Amino acid sequence: MDWKLEVVVVPVSDVDRAKVFYEEQAGFTVDHDTRVREGVRVVQLTPPGSRCSIVVGTGVTEAPPGSLKGLQLVVPDIDKAHGELVARGVEVSPVQHFEAGARVDGRGGAWNSFVFFSDPDGNGWAVQESPPA
């Protein structure tokens, strides 16, 4: 039996601001924006090409806004991903790699080139380059 990760809830303080960030700046697709009932709003967004989505909303988590760290996306071209994020106004790190446990500017070897950014609440994301198949 397959077990697939479908949704990750991202705790935010302002749902509308988060929706704009993830849609317009991070480039995610809005799958739906639903008010389930009074006090419960679910906005589901999916990164391009991903089968796993994120949910931001009200009444969906008790986690404090900005407390989610270590979310990770994988792309075939880290330089292109960096350029797209910068063009959309995302504050993103330069391309970096890990060396002796520390982040160092510049590309690394296979699976070791990243960029990092945070949403407006401080939820932390890494974008990692996958090696060519």
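These notebook entries record what I looked up in the structure.

**Basis.** I worked from a predicted model, in which local features need pLDDT of at least 70, side-chain atom pairs count only at pLDDT 80 or more, and totals for chains, interfaces and linings use all residues. Residues are numbered from 1 along each chain as its sequence is written, and side-chain values use heavy atoms, with hydrogens and water left out.

**Entry 1: helix 1.** I took helices (H or I, at least four residues) and strands (E, at least two) as DSSP runs numbered from the N terminus. Which residues of helix 1 are buried? In helix 1 (residues 15-25) I noted Val15, Ala18, Phe21 and Tyr22 as buried, that is, under 20% relative accessible area with a 1.4 Å probe, protein chains only. They lie on the same side of helix 1, because they cover an arc of only 130° around the axis, taken from the directions from the helix axis to the C-beta atoms. I found that their cover includes strand 3 (40-46), strand 4 (53-58), strand 8 (114-118) and strand 9 (124-129), with contact meaning heavy atoms within 4.5 Å.

At the N-terminal end of helix 1 I found Asp14 as the cap, with a side-chain oxygen 3.1 Å from the backbone nitrogen of Asp16. Polar contacts are pairs of N or O atoms within 3.5 Å; within protein, one must be able to donate a hydrogen and the other to accept it, and residues adjacent in sequence count only if both atoms are side-chain atoms. Just after helix 1, Gly27 has a positive phi of about 85°.

Entry 2: I read the order of its 4 strands as 1-4-3-2, with mixed pairing; strands pair if DSSP finds at least two bridges between them. Strand 1 (7-9) and strand 2 (29-37) are at the edges with a single partner strand each, so one side of each lacks a neighbour in the sheet. Strand 1 pairs with strand 4 in the parallel sense over 3 bridges, and Val9 has Val55 as its bridge partner.

**Entry 3: strand 8.** I found 4 of the 5 residues of strand 8 buried, so this strand is largely enclosed by the rest of the structure. Strand 8 runs antiparallel to strand 9, joined by 5 bridges, and Phe114 stands opposite Gln128.

**Entry 4: Asn112.** I located Asn112 in the loop between strand 7 (102-105) and strand 8. Asn112 is buried, at 18% relative accessible area. A polar atom of the Asn112 side chain lies 2.9 Å from the backbone nitrogen of Phe98.

Key
Buried means under 20% relative accessible area, exposed over 50%, partly exposed in between (1.4 Å probe, protein chains only).
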